[in-house]
Every structure is written in structure tokens, then in C-alpha cells.
Amino acid sequence: MKFEKVAVVGAGEMGHGIAEVFALAGLPVSLIDVKQDILDRAKSRIADSLKHMASRGRIKPEQVDQVLSRISTYTSIEEGARGADLAIEAVPERIDVKSQVLKGLEATLSPDAVIGTNTSSILISELSQFLSRKNRFLGTHFFNPPVVMKLVEVVKGPETSDATVDAVVELMKSIGKVPVRVKDSVGFIVNRIEGPELLYFCLLVDRGLAKPSEVDAFFRSQGLPMGPYELMDYVGLDVVQELLKYYAAKLSKDYGKCRTIGDLVSKGYLGMKVGRGFYEWEGGKAKIDLSRQTDKVGLLDVMLLEVNEAVKLLEEGVASPDDIETAVKLGLNRPFGPITVAKTLTSSEAREKLEAMSKDFDCEVFAPARSIRDGRLREAIEGRLQPAQPKPESTQPQAPQPAPISGGTAYGDYKNLRVAKVGDRVLRIALNRPKLNLMNVELLEELGAVLDKVKGDPEVFVVLITGEGGTFSAGADLSAYVADVVQFSEFSRVGERTFRKIVELPKITVAEIKGYALGGGLELALSCDIRLATPDATLGFPEVTLGILPGWGGTQRLPRLIGMSRAMELILTGRRISGKEAHEIGLVASLLGQDPDGEALKYAESLATNSAPIAARFAKMLVNKASEVPEDVGLEMESTAFGILFGTQDMKEGVSALLQKRKPNFRGK
Ligand SMILES: NC(=O)c1ccc[n+]([C@@H]2O[C@H](COP(=O)([O-])OP(=O)(O)OC[C@H]3O[C@@H](n4cnc5c(N)ncnc54)[C@H](O)[C@@H]3O)[C@@H](O)[C@H]2O)c1
């Protein structure tokens, strides 16, 4: 299939831009509309845009006229579309208008020519009924403005041939666009992913939970150029209302629940175009009081809604994970899309939060997608969903779980930690938060307080750090720290201070890793002297894929442990590794078996018995300094420490025990 001449029908907002894109790529274009003055206006908009590009050095000045000369204008399809290999309709979003144009194209074009529609919401299957060349008809959904936006959703209707899709995808690439392949479905990718968010913001104001200005102030503070309500005003509340009606008819009745927008539209407050919507507008700017921000909205909530909808698209086979990620990034100008966000989540945390949102708002749209409910989020985002779905979690046979460590003597009362002296001279600190032990400031401060207390405790030789609930820690509690920038930096500092306390603790520290050790969780483990892990534990630094970095010592401690090359790879890709692989690359000292808690405790007790505490304290300090000081300085420090140990009772005890072939009884003296 070769595309050497293109026809664009409709020279409005989108059509003139689409014509410009093809002409810029060197193709002759026929631009068709109902009236010549519309076409003249379109051409003059194209000329302005080309001149702007030339002034910015993006094209050469002589190209302005060359590109313009490739665009011919027509007021009739019969004349304009004749001889085109590809025709794209960009006429208003009304079936009656589109059907008439499609029939005109069908009659004019050669049977081999391909027809594309720029529809944003009508199904390809609904439009293909007006054509007999159903195999050569597809969606070519450009984003506004087409010259700037790289994304094109290439939508395959039920009867579109693979060859047609392949050829159009290649064409889009050749003209500098980034095409994504989409199966015919309501909203395609980008508009569909935005649906639940739109509903969420509508319901938020309906229920008086937050004021539009407070929500917009929050989103502006997060670096967004516009908040959601300002954006709705900008797009037009009548357009938003139409979209909600369409989704209510096609996706869920929940979309029909929004009241405020309907009220505003009925009063004629349609947004920017009439000077009033959620806000009053003057000179193209909304008058918003940004002095107060809401604390009722979290970025994570909004991202979760996107993740949930993305998973539904994957379940429906609408697009691949990569194409969903690309579409959201390019279509919504985001640094990352829902698939990246989903990589930082577990099914259970996503499910828990979505169930709560669904309940709070009485909205089925927010309820977790089937794969999230079934604990298969990872499979979904890795494109590994099988058609046959597993039984719900509750009916799955559960592997026998070893009993949690109990007993010991409580070592203070903490909200986010369980701390007890267990076994012989071992202090066990277990992170204990409901959601995979995500760390917040409160937890870090409690951990710091425990470390301060145990520092001078002569009865404790080894500190074992682990997590309750089958997991170590899935990282920092993002929902807490994205709330504001000041908190964010303070959170970072508290983490650094606390983890430094672990590194400098004059006791042996051991991390017992099971479940997840991600981001801050892995940094906590890295600040311990020894790491033990179950083979199926998941370790990784997803930070860079979220636009942040491993900030609690991850970038410094990981290369020292496993070398620059491997550390770079893990940090820059965000790749997760198993406990088994972590052991193979030396990140983990030893693997745990079926009863990780019991085995880790045994390991810690054995250290507490066999390693003399003062010797261990100096040895730990020297090993930590090894990569920081020149070798001769390190050796000097080693000799000095060696000298100090000579006078200790523990050294005498260690040597005597060896000679008497018995276990030593070190006292830390
Ligand atoms: N505007 C956007 O941001 C946007 C983004 C993506 C997709 N879309 C879709 O693109 C399509 C066009 O939207 P738009 O915003 O460019 O609309 P528009 O109203 O700006 O332009 C439509 C043009 O089609 C012309 N037209 C109407 N009937 C015609 C006919 N029978 N023959 C030839 N021309 C005719 C009109 O005169 C007008 O110039 C719609 O399907 C819309 O959903 C719009």
C-alpha cells in the first residue's frame, strides 16, 4: 500500500492541522470543506504556523511557500478527493455529517484507497456501516494541535485488515508521528483513561468535598499548567457534558451522576468561550483564588484511577501495555504513564484504595478491575493476561504460612513498628504498617528513636530489621509525600538521617527481606550490615521511572555493594530482581527458606553468640570506611582498632574458648 496523495475533509481545528502535517512531510494534500472562506482561513492558519516554525528555525524560510504549495483547497469531495490514496475525515463529531462525507469519499476514491476518521468518540464499527470498503477503513485519531502532538491512535475496526493498519502505522511513523495500535472501543486509549478522573473531579464538587479553586491550586502547585476545573472550562463545559453523557450511555451509568456541570451548562456558563464556567474568565485567563489548597485530593488517587482504567483496557485487549504508556505520555503530556505507576504498586494496595474510593463515591467505575481484584496486576501490565481468568483469591489454595515471630520482651510501644528483644541478645524491629509497610515520616521517626535507645544498650548485640505481614517494605509512602514540596524534602532528610543511624549503629544490623524491598525499602535494607532474603522476594529501585531517584542512600550504597555497572543498570531501568538474583550478584548475603522469620532470627542469634560485639563494631566501621579512605589510612585505622581490641575481655574470652574447644561467652567488654 503506497500513500502518495492525501485528502483531508474538514478544514477546521483538526483538519487544517492534519493537512499541514502531511504537507510538511512532502505529500500533496487536498483540503476540502464546505465553503471557500473556511478553506482560506485554514490556509492562512497553516501559513502562520509555518512562519512561526521558520522563525524558530524548525523549518527553513523557503519551506513556508513550498509546504503551502502542496496544499490545494476544494469545496467538493468529488473534485478534491479524486486520485487520493488516503482520505481522512475531520468533520464535526456527528454521525449524520460523518456518514454523508464517508459516502461521498466511497463514491469518489478508487477501491484501493484507504479512508481514515479522526473521530474522538464514535466507534469505527458504527461508521463503517456507511462504507463497503470496511477492510480499508480505520481510525486515525490525531491530537490537538496535530502539528505539535506526536501521538496518533490508529484504531482497527472489527473489519479493518491488518495490512491496512500496518500500512497506516508505517505512514504515520514516516511523517514523524508516534502511532499506537488500538482496538475499536469507547474513548480509545487516552480519552478512556481520562474518563474516571473526570467523573472523580465532578463528584468531588457535587459532594462539596473540595472547592474547584482549592483542587486546581493543589494541581498547579504540583507543576501542572492547569488544574482539572480550569481545563474543563477551557475545553467547554458543554463538550464535557456531552462526553459524560456518551460515557454514561456506553460505559457506565455512573457517568450520569454529575450534577454541577449540568447546572452550570443549563445557566449558560459554558466556560472560557462565554467568559464564565466554574470560574469567571477575562483575557483568556480564569480568575482563580489559588491561596488555599485542598488536602482532600492525592495525586496517587488520580493516578490509581488511570492505572485501573489502563488495566481494564488490557483486559479488553484494546492495546498493549507499551502503547497505553506511550499514548498517555504523549496524549496528556506526562513524564510517565499508568503502566509505570502500576509497576510501583501491588495488587492489594491498588485494590484496597480503589475499593475505598468506589465505596466513598458509590461508583462502580472506581471499583478495582478484575485483574487487580484477582491479584494479577503485574501480569496485566506485563501483557501476560490469559483469556481464562483464575478463581478469586479467596478460593485459591493458600500455601501454609509460618507463624509470625511472637513473644520476646516488648521494647517500647510504637504505632508503626513492633519492637521486641527476642532470642539471645537480639532486638527485632518489624515495620508494621497496613499497606506493605510503606514508610512515612512517623515510622522513620519511631525507627530513629528505637535506634537511639538501642545504641547504648549493652544487652543487645544484633539488631534484626524486618517487616510484618509477609513483606519487608514496598518503599516510601508516596501518597504522603507528594502532598507538598516542603514535606517532600523533609521526608527525604528524615529518611537519610534515620538510615545513617543504622549504618553507624555500634551493633551488627541484619535485614530480613521477604515480599517487597522496593525503593526506600531497599535503601533501608542497604543500610544494614547483612541482608538475608527469600528467593522469591522482589527487590528494586523504581524511583527513576517515577521521575525521582533512590534518595535515602540508594545511589551511594548500591554501587559500593555490587559495583557501578550493575548498580547503574538496576537504578536506571528500575528493573526488579528476585531475592535469588540479588543473592547471585552479592546484594544479599544468604537466602532464607520456608520459615524466613524463624531462620533470620536463628541467623541473628548465631551472630550475637559467635561475634564479639566490640570487634564487630570496629570491623563494621572499617569495612564501611574501606571505600571512602585511601588504603594506607584504612590500614592505619585497622592497626589502631586491632590494638584497642587487644585489651578487651572479649578477646581473652574468644581465645580461651578456642583453646578449650567451647562456645565463647562474649560480654561486650
Ligand atoms: N478539536 C479537537 O481538539 C479534536 C481532537 C481530536 C479529534 N477531534 C475530532 O476531529 C473531528 C473534527 O473536529 P474539529 O474540532 O476539527 O471540528 P471543527 O468544527 O473545528 O471543524 C470541522 C470542519 O468540518 C467542516 N465540515 C462540516 N461539514 C462538512 C462537509 N459535509 N464536508 C466538508 N467539510 C465539512 C466544517 O465547516 C468545519 O470547518 C471531530 O470528529 C472531532 O471529534 C477533535
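Arg418, Arg428, Glu468, Glu512, Lys514 and Asp597 are linked in a network of salt bridges, in what is a predicted model rather than an experimental structure.

- Glu468 is found in the loop between strand E14 (462-467) and helix H20 (478-481), whereas Arg418 belongs to strand E12 (residues 417-422), so the pair ties together parts that are 50 residues apart in sequence.
- Glu468 counts as buried because its relative accessibility is 11%, which lies under the 20% cut-off for that class, while Arg418, with a relative accessible area of 41%, is partly exposed.

**Other salt bridges**

- Side chains of opposite charge can pair when their charged atoms come close.
- Lys250 forms a salt bridge with Glu126, and the closest N and O atoms of this pair are 3.1 Å apart.
- Since Lys250 sits in helix H11 (residues 237-250) and Glu126 in helix H6 (residues 124-128), the pair ties together parts that are 124 residues apart in sequence.
- Lys250 is partly exposed, with a relative accessible area of 38%, and Glu126 also counts as partly exposed, at 22% relative accessibility.
- Glu282 and Lys287 form a further salt bridge, in which the closest N and O atoms are 3.4 Å apart.
- Glu282 counts as exposed at 54% relative accessibility, whereas Lys287, at 45%, counts as partly exposed.

**Nonpolar cores**

- The largest nonpolar core holds 95 residues, and of these Tyr200, Phe201 and Phe366 touch the most other members.
- Helix H8 (residues 190-206) gives the most to this core, contributing 10 residues.
- When residues up to four places away in sequence are not counted, Phe201 touches Val215, Phe219, Pro228, Tyr229, Met232, Val297 and Val302.
- Apart from this core lies another one, of 47 residues, and among them are Val454, Phe491, Val494 and Ala511.

- Ser358 lies in helix H16 (residues 347-361) and counts as buried, at 13% relative accessibility.
- Leaving aside its neighbours within four places in sequence, Ser358 is in contact with Cys363, Glu364, Phe366 and Ala367, and of these Phe366 has already been named as one of the residues that touch the most other members of the largest nonpolar core.

**Strand E1 and its partners**

- In strand E1 (residues 6-9), Val6 and Val8 point one way and Ala7 and Val9 the other way, and all of them are buried.
- Strand E1 pairs in the parallel sense with strand E4 (residues 86-89) over four bridges, and Val6 stands opposite Leu86 in E4.
- Strand E1 also pairs in the parallel sense with strand E2 (residues 29-32), again over four bridges, and in this pairing Val9 stands opposite Ile32 in E2.

**The sheet of E16, E18 and E19**

- An open sheet of three strands has the order E16-E18-E19, and its pairing is mixed.
- The edge strands of this sheet are E16 (516-518) and E19 (577-578), each of which pairs on one side only.
- Strand E16 is joined by three bridges to strand E18 (residues 538-540), and these two strands run parallel.
- Leu518 stands opposite Gly540 in E18.

- Val544, Leu549, Met564, Met568 and Leu572 make a nonpolar surface patch of about 500 Å².
- One of these residues, Met564, lies in helix H24 (residues 564-573).
- Met564 is exposed because its relative accessible area is 57%, and the cut-off for that class is over 50%.

Note on methods: Residues are numbered from 1 along each chain as its sequence is written. This is a predicted model: local features need pLDDT of at least 70, side-chain atom pairs count only at pLDDT 80 or more; totals for chains, interfaces and linings use all residues. Side-chain values use heavy atoms; hydrogens and water are left out. Patches are made of residues with over 30% relative accessible area and no salt bridge: like charges are joined within 9 Å, nonpolar side chains (Val, Leu, Ile, Met, Phe, Trp, Tyr) within 5 Å. Accessible areas come from the Shrake-Rupley method with a 1.4 Å probe; for residues, only the protein chains shown count as cover. A salt bridge is a side-chain nitrogen of Lys or Arg within 4 Å of a carboxyl oxygen of Asp or Glu. Buried means under 20% relative accessible area, exposed over 50%, partly exposed in between (1.4 Å probe, protein chains only). Two strands pair if DSSP finds at least two bridges between them. A nonpolar core is a set of buried Ala, Val, Leu, Ile, Met, Phe, Trp, Tyr and Cys residues joined through side-chain atoms within 4.5 Å. Contact means heavy atoms within 4.5 Å.
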